[in-house]
Amino acid sequence: MPELPEVETVRRGLLPAMEGKRILRAEINRPDLRWPLPERMAERLTGARVERLRRRSKYILADLDTGESLLIHLGMSGRMLVSGVMLGDFHLDHPAPQKHDHVVLHMEGDARVTFNDARRFGAMDLVRTDREEAHWLLSGIGPEPLGNAFDESYLTAALKKRSSPIKTALLDQHVVAGLGNIYVSEVLFRAGIDPRRAANRISATRLAQLVPLIREVLTEAIEAGGSSLRDHRQADGELGYFQHSFRVYDREDEPCPTCTTPIRRIVQSSRSSYFCPRCQR
Ligand SMILES: [Zn+2]
């Protein structure tokens, strides 16, 4: 499942193909992904110019000069491919059409953007840009973890009412946008907080460290994604999936990098949490 840094890497990889460019032709190869695609989608996209390519939580939003935005969600299995552009040192040639190429955007300047999704857990929609906040997938999402609205006083207030484990609280998209299982495990390790600790029972001192640590973990991952785009060894135009090493995530029974105690795995809200029982309290 792509998390915020992967989605941000996809957005950055799409920039040269999409931002400032007109959609010359939109090829919509089926009526639905996870949910039905919007009505007259091809017609509404054709001729539109992408003014800005943004990210909100794990969604990519392409603001069009028609007053609408194309919302893209990769879901669990969606892949974005670009071709006809330079990516790092490589010129990406157009690949042969593949099975599960559900939406293909033929952009001005010979660039092509392909959304391929074998399992169709991804989604696309068209939303009025000025009513984006009301869209059912975007409404109620908390502040961006890398944005200015997300700070110590906000997080303190948001966690004060929550007696759920801190791990669960940080995964709640109302609290903060786009944080997922992998990065929450890393953040709690760096903060020395046990993932089972009640969210409203974390001392002010430790809570104060959480915001900068969340930013640090996400920024490092985005930078790793950026370098994967630059040297792009595969050069097949697929965006957003890169090798990344984690200190605790997916390291059950391996020694803690700080104290060598074996990393433990537990299940919380049906998802795995990894932590050091000695360093995290
Ligand atoms: Zn440890």
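Residues are numbered from 1 along each chain as its sequence is written. In this predicted model, local features require pLDDT of at least 70 and side-chain atom pairs count only at pLDDT 80 or more, whereas totals for chains, interfaces and linings use all residues.

**View 1. The open sheet β2-β3-β4-β10.** Four strands make up this open sheet, and their pairing is antiparallel. Strands are DSSP runs of E with at least two residues, and helices are runs of H or I with at least four, numbered from the N terminus; two strands pair if DSSP finds at least two bridges between them. The edges are β2 (50-56) and β10 (123-128), each of which pairs on one side only. Neighbouring strands are turned by 20 degrees against each other on average, direction ignored. Angles, from 0 to 180 degrees, are taken between N-to-C directions of lines fitted to C-alpha atoms, for helices over the stretch in contact. Strand β4 (residues 68-73) is joined to β10 by six bridges, and Ser69 has Val127 of β10 as its bridge partner.

**View 2. The open sheet β1-β8-β9-β5.** Here, too, four strands pair in antiparallel fashion in an open sheet. β1 (23-28) and β5 (79-83) are the edge strands, each pairing on one side only, and the twist averages 15 degrees from one strand to the next. Five bridges link β5 to β9 (residues 112-116); Arg79 is partnered with Asn116, and Val82 with Val113.

**View 3. Helix α1 against both sheets.** Helix α1 (residues 4-18) lies across β2 and β3 (59-64) and runs at about 175 degrees to β2. α1 also touches β5, β8 (101-107) and β9, and its direction makes about 35 degrees with that of β5. Contact requires C-beta atoms, placed from the backbone, to lie within 7 Å.

View 4. Five bridges join the antiparallel strands β8 and β9, and Asp101 stands opposite Asn116. Four residues lie between the two strands of this hairpin, in which Gly109 takes a positive phi near 85 degrees.

Notes: Contact = placed C-beta atoms within 7 Å.
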